[in-house]
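Please read them alongside the coordinates.

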Amino acid sequence: MIDHVGHEHTRVFREVSQLGVELARLGDQFLGARTPAKVGIIFDWPNYWGLEYASGPTTDLKYVDQIHHYYKELYRRQIDVDMVSLEQDFSQYDLLIAPCLYMVNQEQTRKIENFVRKGGHFVTTMMSGIVDETDNVHLGGYPGPLKDVLGIWVEEFDALPPEYRENVQFKSGERAKAQLLCDVIHLNDAQALAYYDSQEFYNSYPVVTQNHFENGNAYYVGTMLDEVGLSALFDSILGTLGIESRVLPDGLELKTRRKGDKTYQFLINHTAQTIPCDLALTGYDLLSQKQIENITEIPAFDVKIIVQ
């Protein structure tokens, strides 16, 4: 805190002192508060290792990049998300997203099927269901043991050059772009939500599918969709589940924590500018120690912790 100058009249000293005052004011009142996430993204280390060391179909496919790609869309919507292991209980979630679930065994498949069977919604993508836990390819076509819950089979995939894009037409009207890989998908029990609009041999083939599996739904995305495509996909899925999206101005973040009968809303401005907004958040701001009824702007780098 005290630099070589030898006194406290510095920016760092002032800011650290202010932080100390704020932490003392907050105490431990929301320690142990939990994120009430109804959406989980599956991150699996064996999948990470297996996919990173796979020899094809393209070296541009990176597991963590695909996780980030889906998380980014949910973050844009201010939707709380948990990172979920394949080994943990799925029952608290309404929606599970498993990008590039490359390595999956029969036990994990049954667990996913049971989640969907009981009303859950499951999303997976290209390069899923390819190999078992010993990195041996599942015979009988892709996506291996996930074919039944997804209601499809994948004949082959086309690896695109990094700069290349294919057109995708959603049945709901949106036009999007596909990149990296394009799966050639055949429908069994599933229905198509979007098709390729391409000059390639897979023109008019499905690229995004939905399968009603007992009480739930399983979705397959046979490519890397751009932002327009992901937005269209999640508009459909989240609307069905009743999970609210809240799109805020760039640089604002709103996250929720719960402890006992209290809800804490963390509102953060990550930018160096004041951001105008219109947020109907009511409660008591623990930092300013003021009652909040409506927020019309957030000063640069400001934080509000509103308890309700």
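**Notes on the predicted model**

1. Leu225 touches His69, Val168, Phe170, Lys177, Val208 and Leu230, leaving aside residues up to four places away in sequence, where contact means heavy atoms within 4.5 Å. Leu225 sits in strand E11 (residues 223-225); strands (E, at least two residues) and helices (H or I, at least four) are DSSP runs numbered from the N terminus. Leu225 is buried, with a relative accessible area of 0%, on a scale where buried means under 20% relative accessible area, exposed over 50% and partly exposed in between (1.4 Å probe, protein chains only). The C-alpha atoms of Leu225 and Thr35, which are 190 residues apart along the chain, are separated by 28 Å.

2. On provenance, this is a predicted model in which local features need pLDDT of at least 70 and side-chain atom pairs count only at pLDDT 80 or more, while totals for chains, interfaces and linings use all residues. Residues are numbered from 1 along each chain as its sequence is written, and side-chain values use heavy atoms, with hydrogens and water left out.

3. As for the overall architecture, the protein has six helices and 18 strands, and its C-alpha trace spans about 70 × 45 × 40 Å along the principal axes. Of the 308 residues, 47% are buried, and among contacts with a separation of 6 or more, 63% are accounted for by residues 24 or more positions apart.

4. The record places "domain: Beta-galactosidase trimerisation" at residues 37-243, a span that is 26% helix and 32% strand and whose end C-alpha atoms lie 10 Å apart.

5. The axes of helix H3 (residues 63-76) and helix H6 (residues 227-241) come within 10 Å and cross at roughly 65°, the axes being lines fitted to C-alpha atoms over the stretch in contact, with angles running from 0 to 180 degrees between N-to-C directions. The contact is made by His69, Tyr70, Lys72, Glu73, Leu74 and Arg76 of H3 together with Glu227, Leu230, Ser231 and Phe234 of H6. His69 and Leu230, both named in this contact, are also among the residues that Leu225 touches.

6. Thr125, in strand E4 (residues 121-125), is buried, with a relative accessible area of 1%. Its side chain reaches the backbone nitrogen of Cys100 at 2.8 Å, and, not counting residues up to four places away in sequence, Thr125 touches Tyr70, Ala98, Pro99, Cys100, Tyr220 and Val221. Tyr70 also belongs to the contact of H3 with H6.

7. Some backbone geometry deserves a look. A cis peptide bond, with omega about 0°, joins Tyr142 and Pro143, and Pro143 lies in the loop between E4 and helix H5 (147-150). Asp135 is also placed in the loop between E4 and H5; although Asp135 is not a glycine, its phi is positive at about 70°, and the residue is partly exposed, with a relative accessible area of 39%. Leu180, again not a glycine, has a positive phi of about 75°, but Leu180 is found in strand E7 (residues 175-187) and counts as buried at 9% relative accessibility.

Technical notes
UniProt positions renumbered as here; feature names shortened; annotations may be inferred. Polar contact = N/O pair within 3.5 Å; in protein donor to acceptor, adjacent residues only side chain to side chain.
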